[in-house]
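I opened my notebook to work through one structure step by step. Here is what I looked up, in order.

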Amino acid sequence: MDPKEKERRLREKALRKPLNDIILDVQKGVIDVKDIIRYIDEKLKEKANG
Amino acid sequence: MAKSCASAVLDAALQYLEDNADRISVCEGQPTTYEHATSTKGVATGKKLAMSSTPTFTGPAPGDGGGSSRKTAVDAEPTITVDASGNGDHVALCKSGTTVLLYVTTCTLQALTLGNTVTIPTWDIEIGTPT
């Protein structure tokens, strides 16, 4: 990400005001590299089949 | 036989997310399309309860899984205004220009109320070492 754009977004975040704020509990996303390879395979097959 | 993957390969995937994600949303139910993730619940097929256009990332960096695993941290997204009441249980990252749903993860179900705010704390996306 462009550092200037990141700075702009961080500034915008800092301006927000909480209202009865709820804090989520987000689960970490773990990707198996095999999933990526499988996905690339599927896309290549799709492309080959038009 | 051992398998391996250079960190640069995994970093490229994570960097793609960092360079392209410009929306982060909290959804009720799993979003499987861009419209699900970005249209407010009650509008067409929308599942979005809250959305911010300021996602930022820190990384890529070595993953917690060891080996060549890599991760990027999605920075905290504080006090996003809730656009529709509902039960938030998914978080999505999207690219607005080409309307692509990039990444979806789950969160512990939380009831959100229209007009209040919701904070998404920092969380990681990790690509594991090949097994």
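**Notebook: chain B and its neighbour**

I began with contacts in chain B between residues at least 6 apart in sequence, and 68% of them join residues at least 24 apart. I kept in mind that this is a predicted model.

**Entry 1: the make-up of chain B**

I counted the elements next. Chain B has 2 helices and 9 strands. I read them along the sequence and wrote down α-β-α-β-β-β-β-β-β-β-β. Then I checked how compact the chain is. Its radius of gyration is 16 Å, close to the 14 Å from the globule rule for 131 residues, so chain B is as compact as a globular protein of that length. I also noted the span of the C-alpha trace along its principal axes, about 50 × 25 × 25 Å. Of the 131 residues in chain B, 44% are buried.

**Entry 2: helix α1 of chain B**

I picked α1(B), residues 7-20. This helix has 14 residues. From first C-alpha to last it reaches 20 Å, close to the 20 Å expected at 1.5 Å a residue.

Which residues of α1(B) are buried? I found L10(B), L14(B), L17(B) and E18(B).

I traced an open sheet with the order β2(A)-β9(B)-β4(B)-β3(B). Its pairing is mixed. At the edges stand β2 of chain A and β3 of chain B, each with a single partner strand, so one side of each has no neighbour in the sheet. Neighbouring strands here are turned by 15° against each other on average, direction ignored.

I looked at two of the pairings. β3(B) and β4(B) run antiparallel over 4 bridges. There, A61(B) has K71(B) of β4(B) as its bridge partner. I then saw that α1(B) packs on this sheet and touches β3, β4 and β9 of chain B. The direction of α1(B) makes about 20° with that of β4(B).

The other pairing crosses between chains. Strand β2 of chain A, residues 29-31, pairs with β9(B) in the parallel sense over 3 bridges. V30(A) stands opposite E126(B) in β9(B).

β1(A) and β8 of chain B, residues 117-120, pair in the parallel sense over 2 bridges. I noted I23(A) and its bridge partner T119(B) in β8(B).

**Entry 3: where the chains touch**

How many residues of chain B are in contact with chain A? I wrote down 35, and they meet 25 residues of chain A. At least two residues on this side of chain B come from each of α1, β5, β6 (86-95), β7 (100-112), β8 and β9 (123-127). β7(B) gives the most, with 7 residues. By class, this side of chain B has 17 nonpolar, 13 polar and 5 charged residues.

Notes: Residues are numbered from 1 along each chain as its sequence is written. Chains are lettered from A and ligands numbered from 1 in the order in which they are written. This is a predicted model: local features need pLDDT of at least 70, side-chain atom pairs count only at pLDDT 80 or more; totals for chains, interfaces and linings use all residues. The radius of gyration is taken over C-alpha atoms; the globule rule is 2.2 Å times the number of residues to the power 0.38. A residue is buried if 20 or more other C-beta atoms lie within 10 Å of its own, exposed if 12 or fewer, and partly exposed in between; C-beta atoms are placed from the backbone. Two residues are in contact if their C-beta atoms, placed from the backbone, lie within 7 Å. Two strands pair if DSSP finds at least two bridges between them. Ala, Val, Leu, Ile, Met, Phe, Trp, Tyr, Cys and Pro count as nonpolar, Asp, Glu, Lys and Arg as charged, and the others, Gly among them, as polar. The expected span of a helix is 1.5 Å times one less than its number of residues. Axes are lines fitted to C-alpha atoms, for helices over the stretch in contact, and angles run from 0 to 180 degrees between N-to-C directions.
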